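Have the model open while you read.

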Amino acid sequence: MNIRKSVVRLINTFYLFLRKYKSGDDLFSKRVDSFFIETYSIHKFIARFFKELFQKPSEFREIIRQCYEVGFKSIPLITLTGFVIGIVFTKQSRPPLVEFGAASWLPSLIGIAFVRALGPLVTALIAAGKVGSNIGAELGSMKVTEQIDAMDVSAVNPFKFLVVTRVVATTVMIPVLTLYCTFVGLLGSYLNVHQNELTSFVTFIESAFAQVSFLDVSSAVVKSVIYGFTIGIVGCYRGFNASHGTQGVGKAANRAVVFSMFLIFAEEMIVVQITNWIASF
Amino acid sequence: MKNENQPGIKEEIVISIRGLYKSFGESQVLKGIDLDVFKGENFVVLGRSGSGKSVLIKIIAGLLKPDQGIVNVIGLKVDKLNQKELQGLRLKMGFIFQSSALYDSMTIRENLEFSMIRNFKHLSSTEINTAVEEVLDAVGLKEKINQMPSDLSGGQIKRIGIARTLILRPEIMLYDEPTAGLDPITCTEINELINEVQSRYNTSSIIITHDLTCAKETGHRIAMLQDGNFFRLGTFEEVFDTDDIRMKSFFDYNFIR
């Protein structure tokens, strides 16, 4: 009963706080207003996505096209980044491990680092920059040139065609790209290890995955699915709500990248905490 | 005022608006508009920039919600329809945007097919192809079928915009500034096309424009929108046969330049 009263009191205090600042014209009240309006509209946007996801038409062809755009066209950048990070990370990790006589642990260290953190995070950040900005700019441009309204008036649901297909594509393709990035990173790392220790690729891979658990792999998959969804939904939300001409398109692309990167870091911290909590049992 | 003496125009009302109000923030754009558009009629709305002409047709198309008032299109109250019903109504309505709003990542063929493929799933690809070629032929741009919108001139883009709506065989056409930004010869061609569309497909149209030549050549009735309401309504001659300074300045600017 006391808990109920406390919750009611807390909600009342919060409501009074909002009312106090809602009627004012000062900058703070406007920011409070816009923060809550934005939060509400993002949640509404996400709810609409899930509502329309299972409705007809499926737009399967467009989903495949978007998967190609998101996945295949990101391969060169992911390859370069993953490979270079693999080499550099191995090079930088070697001296302290050699100092403690633990150079043989290097493949395990690289394996754990790539599967648990580097693979999903690097892929997500690169995709946020490349794919997120692309989606934000493309939809933003369609919005300000009335192409989205044109779809609407020609009896085609623009949300289904533009938003649902892109979010599904990023949610499906980011885990695939993460897998690819991890593989390329390990390949880069192997080249460095092989240069120093003449280890075979099979031995390197066996050592790399020796310490990787099922929980590590499953948390990486869950993380990359969440990152993919975040990149897609933020890019689409920003683009779909773009306004004020070409300047608005630039802002939509920029905000899509900044906001999705911020969310990716926040999600990374949350997922790591949950994974560690599960691992402690 | 009816146009019973005009050929092709019937007494049947296809668009009926009563007491329409719309505001954006502090600014009240439409203040109690009443309007009837008859079947087969070309109704022209004239007015200064920012007078709410485009807002009016966007409300009719269901792109904007009115603050107050009733908008009836082919017997359906637009603001009371759910998404599915609104999509059904939109198949009977063609909207030509000022910028034409062609999908710039698609070819002309894909632009025209886009809505048809999704709304008429029973049609075969041959039937869709025939429909595409037929409307392109109607607007005189059959040879542009595989080009991108960026390869076309302003007048051609307007024509493709009209073709994109015609392919759905609409009963109502809503034109937002169809001649804006075009040279006088292309304007004349677009005006002729609007009249041809009306006579060939028996459409009823609302044409939003500043261009008095367009209004005179296409409109059966003309209304002047000012301060959120129609202050003159009738045929071109009736509307401009006045000493009202607002009408005279509008007329003089268009014809004595």
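## Chain B overall

Chain B has nine helices and 10 strands, counted as DSSP runs numbered from the N terminus (helices are H or I, at least four residues; strands are E, at least two). The radius of gyration of chain B is 18 Å, close to the 18 Å the globule rule gives for 257 residues, so the chain is as compact as a globular protein of that length. That radius is taken over C-alpha atoms, and the rule is 2.2 Å times the number of residues to the power 0.38.

This is a predicted model: local features need pLDDT of at least 70, side-chain atom pairs count only at pLDDT 80 or more, and totals for chains, interfaces and linings use all residues. Residues are numbered from 1 along each chain as written, chains are lettered from A and ligands numbered from 1 in the order written, and side-chain values use heavy atoms, without hydrogens and water.

## A negative patch on chain B

Glu237(B), Glu238(B), Asp241(B) and Asp243(B) form a negative surface patch (residues with over 30% relative accessible area and no salt bridge; like charges joined within 9 Å, nonpolar side chains within 5 Å). A salt bridge here is a Lys or Arg side-chain nitrogen within 4 Å of an Asp or Glu carboxyl oxygen. Asp241(B) sits in the loop between α8 (236–240) and α9 (245–255).

## A nonpolar patch on chain A

Phe14(A), Phe17(A), Phe28(A), Phe35(A) and Phe36(A) make a nonpolar surface patch of about 500 Å². α2(A) gives the most, with three residues, and Phe36(A) lies in that helix.

Technical notes:
Areas by Shrake-Rupley, 256 points an atom, 1.4 Å probe, with all protein chains shown as cover. Lys, Arg positive; Asp, Glu negative; His and termini not counted. Charge placed at Lys NZ, Arg CZ, Asp CG, Glu CD.
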